[in-house]
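Here are my notes on the structure you asked me to look over. Please read them with the model open.

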Amino acid sequence: MKSVGIKGLGYYVPERIMTNADYEKIVDTSDEWITSMTGIKERHRIAPEQATSDMCFEAAKKALAAAKLSAEDLDLIIVATVTPDHHAQGAACIVQKKLGLKTIPAFDISAGCSGLTYGLTLGDSLIKSGRFKRILLIAAESLTKITNYEDRGTCVLFGDGAAAVILEETEEGYGILSSYIGAEGEDDGILSIPAGGSRKPHTVESIQNNEQYIVMKGPDVYKFAVNICPAATKKAMELAGLKMTDLDLFIPHQANIRIIEAAVKRLRIPPEKVFINIQKYGNTSAATTGIAMGEAIEQGILTKGKIVAITAFGSGLTFGSVVMKWAY
Ligand code: UT7
């Protein structure tokens, strides 16, 4: 069986930074509440003229440079996002055009914040099958474009960003060791945008009711997350044939510091093995674990041979955990 791994990673966050003080001017909130309840201090916000594919393009160029490859070396593009530039057109197709490519397949996957773990699982299988050789997988989200800035329960949480990886066959025993993905489907509006889809197309009334923005039953997602985050990580480690003590680095979805702390406690992972950057970026959905891997590489924490687990959960409800032996 082939080994498939990440051979280059790049990430991008927009320039504009929104601090907790900025939100104090927009909604009835406080730095104290946001910090203690979520761990977030700042997040990056996409410019009005930017869209998800623009961030994807920036991250993709960096990933290609890190892998010492050019766009022509790719044979598939996958973008994990719930905020494509346009409905009814994959952001991946726009990225293909931006990269100057003509015919390689390009499509999006919609798995919420678990998108990167789903994409890695899919890419691993597609390369192992022999159908594709080198895949550009990008997790990118412009959540601030679908955020209701009158809803203090959600607007303080979200940020924008993108992370891109190049997946290809790698040295035996390196790369993706296991993955465990799943879903607990719901249609109770726990985490979705009420209007603008086929269930409820936009009307003047839906816009007036702010139904074009994300709605979340925070406590329901919280309950799901504190259970699934440790359970999925444990399962993925078991599937990799590893003990929790074999883990060098745990990169959980950066949605809430309290969810991370609860998961880490249950998994008994020492704090020095846990990567946290939620304070700088907030929740960038599918991109959080990718951006975190990028920062861990920059900081010299994620190096060849290290065992890393990324675990995410999100709308759907979906979840996923991927265990890798870092390949470069
Ligand atoms: O990426 C995956 C998707 N997202 C998540 O993983 C998020 C999961 N959920 C959470 O992280 C938490 O549910 C939140 C941080 C969103 C909220 O924390 P909570 O402990 O579940 O609080 P809550 O929603 O039950 O609200 C508690 C109180 C409420 O006030 P009352 O009714 O007790 O008076 C809220 O109105 O906190 C209030 N509140 C705020 N207060 C100040 C909610 N948002 C804010 C705010 N500032 N921004």
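A polar contact, as used below, is a pair of N or O atoms within 3.5 Å. Keep in mind that this is a predicted model.

1. An oxygen atom of the ligand is 2.7 Å from an N or O atom in the side chain of H253. R152 uses its backbone instead: one of its polar backbone atoms is 2.8 Å from a ligand nitrogen. A nitrogen atom of the ligand also sits 3.4 Å from an N or O atom in the W33 side chain. The protein covers 71% of the 960 Å² of accessible area that the ligand has on its own.

2. Ligand shell. There are 23 residues around the ligand. Those that come nearest are T29, R152, H253, N256 and N283. Two or more shell residues come from each of α2 (31–38), α6 (152–155), α8 and α9. The largest share, four residues, is from α8.

3. Main core. The largest nonpolar core has 42 residues. Within it, Y23, V156, L247, F250, I269 and F313 touch the most other members. Helices α8 (218–239) and α9 (257–267) each supply at least two residues, as do strands β12 (307–314) and β13 (318–325). Again α8 leads, with nine residues, the largest share of this core. Both domain 1 (3–174) and domain 2 (177–325) contribute at least three residues each. In soluble globular proteins, nonpolar side chains tend to be buried together.

4. Which residues does L247 contact, leaving aside its neighbours within four places in sequence? They are M237, I269, K273, I307, V308 and A309.

5. Most residues other than glycine have a negative phi, and most peptide bonds are trans. R268 is not a glycine, yet its phi is positive, about 55°. S285 also has a positive phi of about 55° and is not a glycine. The peptide bond joining G316 and L317 is cis, with omega about 0°. L317 is found in the loop between β12 and β13.

6. Buried or exposed: which applies to R268, and which to S285? R268 lies in the loop between α9 and α10 (278–281). Its relative accessible area is 76%, so R268 is exposed. S285 is in the loop between α10 and α11 (288–298). Its relative accessible area is 2%, so S285 is buried.

Methods: Residues numbered from 1 in each chain as written. Predicted model: local features only at pLDDT ≥ 70, side-chain atom pairs only at ≥ 80, totals over all residues. Heavy atoms only, no water. Core = buried A, V, L, I, M, F, W, Y, C linked by side-chain atoms within 4.5 Å. Buried < 20%, exposed > 50% of the residue type's maximum accessible area, 1.4 Å probe, protein only. Domains from an automatic or database assignment. Contact = heavy atoms within 4.5 Å. Near = heavy atom within 4 Å. Polar contact = N/O pair within 3.5 Å; in protein donor to acceptor, adjacent residues only side chain to side chain. Areas by Shrake-Rupley, 256 points an atom, 1.4 Å probe, with all protein chains shown as cover.
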